[in-house]
Amino acid sequence: MSKAKKVLEEARDTQNREIDLVEKGITSFEELPGLLNMTFVTRITLSHNKLKVVPPGVANLTNLEILNISNNQLEELPLSLSSMPKLRILNCSINRLNTLPRGFGAFPVLEVLDLSYNNLSEKVLPGNFFMMDSLRALYLGDNDFEFLPPEIRNLKNLQILGLRDNDLLELPREIGELTRIRELHIQNNRLTVLPPEIASLDLLGQKSVLKMEENPWVTAIAEQYLIGISHVLEYIKTEAYRILYNRHVSAGKAGNVPPKVDKSKKASRARS
């Protein structure tokens with residue numbers, strides 16, 4: 001009997017609601033007989049395996065609250081995931097996702113969504129992606145985003161937004177409407193300016209985090225950043241900066257666009 005089957009058998013016998021299948025060499029859900037009928041389960045960890053597909057039947061697990069399928073070889077996800085009534089935490093990081101299913105934003109109670117280290121961009125986000133108003137943390141780091149749509153303003157309960165290591169050229173002004181944000185990670189992108197509205201967010205509190213290093217900032221921001229984050233946030237409130245920002249936005253793509261980083265050797269680009 002495989003280690004995975006043994007774990008499932010024990011869980012069935014003891015009605016264990018948390019199933020740990022980390023690093024069990026699993027390549028398919030077919031190696032997990034009966035798992036999709038274990039409706040009493042609330043947490044499944046399947047990270048560090050070799051899964052290529054998640055079957056739609058995972059939605060049968062109507063009591064599931066936490067699903068960790070990180071560090072696999074997934075290229076797509078089933079739409080049925082977003083209909084799961086109790087799913088609060090979904091970790092799909094470190095996979096090979098190139099797309100998301102239409103309607104993916106329909107999660108009724110999702111609080112944490114981790115899609116970092118994949119091959120996603122604004123071009124593949126479904127129309128309702130930013131309708132997940134229960135979301136508290138969204139991790140999109142290590143993908144291929146150049147822009148974020150203004151609809152991000154709909155994530156009214158968002159407290160953590162991870163955007164590091166993308167190709168972002170600008171941030172939408174609407175980020176300033178996310179009044180509950182306490183952590184904003186925008187390091188290692190292609191950002192040259194910040195929307196002045198970011199200064200209205202509480203990013204200087206004791207538990208707040210603003211990470212913005214490794215960007216080709218305009219000189220005025222770069223100089224303030226050398227002194228400290230608080231100086232950046234004060235500076236972008238000024239009228240002088242608003243003028244600079246508006247001029248920069250007006251110039252748009254006519255200006256010099258910082259080059260993209262070569263990601264061809266990234267693990268998520270691999271083909272097995």
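Two strands are taken as paired if DSSP finds at least two bridges between them, and the views below come from a predicted model.

View 1. The strands follow the order E1-E2-E3-E4-E5-E6-E7-E8-E9, with parallel pairing. Strand E1 (18-20) and strand E9 (209-211) stand at the edges, and because each has a single partner strand, one side of each is left without a neighbour in the sheet. From one strand to the next, the twist averages 5°.

**View 2. The pairing of E1 with E2.** Three bridges join E1 to strand E2 (residues 43-45), and the two strands run in the parallel sense. Within this part of the sheet, aspartate 20 is found opposite threonine 45 of E2.

**View 3. The largest nonpolar core and the surroundings of leucine 90.** This core contains 78 residues, and those with the most contacts inside it are Leu90, Leu113, Phe129, Ile186 and Leu194. Helix H1 (3-14), helix H3 (229-235) and helix H4 (239-251) are the elements that give two or more residues to the core, and H3 supplies the largest share, four residues. When residues up to four places away in sequence are not counted, leucine 90 touches Leu67, Leu81, Phe104, Phe107, Leu110, Val112, Leu113 and Asp114.

**View 4. Serine 93 in the loop between E4 and E5.** Serine 93 lies in the loop that runs between strand E4 (89-91) and strand E5 (112-114). Its relative accessible area is 6%, which is under the 20% cut-off, and serine 93 is therefore classed as buried. Leaving aside neighbours within four places in sequence, serine 93 is in contact with Ser70, Asn71, Asp114, Leu115, Ser116, Tyr117 and Asn118.

**View 5. Two loop residues with positive phi.** Asparagine 71, one of the residues in contact with serine 93, is placed in the loop between strand E3 (66-68) and E4. Asparagine 71 has a phi near 60°, a positive value in a residue other than glycine, and with a relative accessible area of 25% this residue is partly exposed. Aspartate 165, in the loop between strand E7 (160-162) and strand E8 (183-185), likewise is not a glycine and has a positive phi of about 55°.

**View 6. The annotated segment, residues 105-212.** An unreviewed UniProt entry assigns to residues 105-212 the annotation "domain: Disease resistance R13L4/SHOC-2-like LRR". Over residues 105-212 the chain is 0% helix and 14% strand, and the C-alpha atoms at the ends are 28 Å apart.

Note on methods: Residues are numbered from 1 along each chain as its sequence is written. This is a predicted model: local features need pLDDT of at least 70, side-chain atom pairs count only at pLDDT 80 or more; totals for chains, interfaces and linings use all residues. Side-chain values use heavy atoms; hydrogens and water are left out. Axes are lines fitted to C-alpha atoms, for helices over the stretch in contact, and angles run from 0 to 180 degrees between N-to-C directions. A nonpolar core is a set of buried Ala, Val, Leu, Ile, Met, Phe, Trp, Tyr and Cys residues joined through side-chain atoms within 4.5 Å. Buried means under 20% relative accessible area, exposed over 50%, partly exposed in between (1.4 Å probe, protein chains only). Contact means heavy atoms within 4.5 Å. UniProt positions are given in the numbering used here, feature names are shortened, and annotations may be inferred rather than shown by experiment.
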